[in-house]
Amino acid sequence: MKQRKLITQYSYTDDFCTGLSRTFGYMNSFKWLWMTGLSGLIYISLQRRPAVLRGVSVGTCCDRWTVDYLAERGGSKDVKVHVSAEPQMDFLHKNFLYRTLPFDVFVRRAAEKKHADFFISEEEYYYLRSLGEDPRKEPADLQKQFPGLAEDFCIPQFFQPGQFFSCVFRISSCGLQLWTHYDVMDNLLVQVSGRKRVVLYSPQDAQYLYLSGDKSEVLDIDNPDLERFPDFVKARRYECVLDPGDLIFIPALWFHNTLALQFGVGVNVFWRHLPEESYDKRDPYGNKDLVAAARAMQATERALRALEDLPPDYRDFYARRMVLHIQSRAYSCPQEEAVQRDYSAQSL
């Protein structure tokens, strides 16, 4: 893996944010921001890089959402949850079961390390990702699915109300790790309770992540199988740990992998930072490729099928020309160069 730098910290006042005081740390170009007020939030989202934020008000949820409170306020409505005997959930190969439980029963099970009642084993892991009323058509919305809990949560104003897409309620057993994937919308993860590790990879390292759709085939990112995934070591890893009350801004297309260090409750807020027509209207999860990108991928498949009519040496030659043409027309500058220029320009 590319070596991660130790965190250094310094402070400065940014006039653009109307005197907003911010403290930056640096780990592989990953920005950490301790923020007071909301005046700088939109500015942060425009930087197109992940940022950890502290001191942003999200309501009373961080104080109130204990296991007992969640069980009482969430009630006995049925919820569909993931259950796995393994701590690393694998969406590609489905090493988990879908099961339905009353919400109050689920919360108490997820908070346990050993279960008297279980589906697979007494040490099984639980995960809830809330769904819309019609999961195939409607995005999740905390206000609609859990109105009694939504009263305690305040969405930070990263975006205009018309850009809102979904508000996803998440609960994880301690030790549960979710697969690496990307979303096509910006999102803000609010860690309400428990501690969570978040690992991210730049969109410009996609070629090293062995993608299958929007997900990486590398399940164990801490001890990867380098015989199967030799190029994974080339992907630069960005890492942080969220404490209760912390937020992380994850820009669209940034790959992320989460590990619950404790029983944890969080809320994800997704919004459309591009024009609404850019997105697939049939996507209730925010992970289908943009309309124009889907058309481009289909055109690429047609081009590749056309190359199959050529002899192998010609096919290889023209495939390389296609790659060079795409690189020259569509690639942006490498992320690390852009980050280094940004930090140098600040001249702090």
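The lining of the second largest pocket holds 11 nonpolar, seven polar and seven charged residues. In this count Ala, Val, Leu, Ile, Met, Phe, Trp, Tyr, Cys and Pro are nonpolar, Asp, Glu, Lys and Arg are charged, and the others, including Gly, are polar. This is a predicted model, in which local features need pLDDT of at least 70 and side-chain atom pairs pLDDT 80 or more, while totals for chains, interfaces and linings use all residues. Residues are numbered from 1 along each chain as its sequence is written, and side-chain values use heavy atoms, without hydrogens or water.

Of its 25 lining residues, F91, Y127, R129, W179 and Y285 are closest to the centre. Two or more lining residues come from each of β5 (78-84), β7 (125-129), β9 (186-193), β15 (255-260) and β16 (264-271). A pocket here is an open set of points on a 1 Å grid over the protein atoms alone, where a 1.4 Å probe fits, with protein on both sides within 12 Å along at least five of seven lines; lining residues have an atom within 4 Å of a point.

Now the chain as a whole. It has nine helices and 16 strands. These are DSSP runs, numbered from the N terminus: helices are H or I with at least four residues, strands are E with at least two. Of the 348 residues, 46% are buried, where buried means under 20% relative accessible area, exposed over 50% and partly exposed in between (1.4 Å probe, protein chains only). Among contacts (heavy atoms within 4.5 Å) between residues at least 6 apart in sequence, 71% join residues at least 24 apart.

Five of its five residues are buried, so β7 is largely enclosed by the rest of the structure. In a regular strand, side chains alternate between the two faces of the sheet. On one side of β7 lie Y125, Y127 and R129, on the other Y126 and L128, and both faces are covered. β7 pairs with β5 in the antiparallel sense over three bridges; two strands count as paired if DSSP finds at least two bridges between them. V83 has Y126 of β7 as its bridge partner. Strand β8 (residues 164-172) also runs antiparallel to β7, joined by three bridges. There, R129 is partnered by R170 of β8.

Strand β10 (residues 196-201) pairs antiparallel with β15 over six bridges. K196 has A260 of β15 as its bridge partner.

Helix α3 (residues 67-74) buries Y69, L70, A71 and G74. Their cover includes α2 (61-64), α4 (103-111), α6 (147-150), β8 and β16. Just after α3, G75 takes a positive phi of about 75 degrees.

Two residues other than glycine also have positive phi. K94, in the loop between β5 and β6 (97-102), has a phi near 50 degrees. Its relative accessible area is 40%, which makes K94 partly exposed. L253 has a phi near 80 degrees and is found in the loop between β14 (247-250) and β15. L253 is also partly exposed, at 41% relative accessibility.
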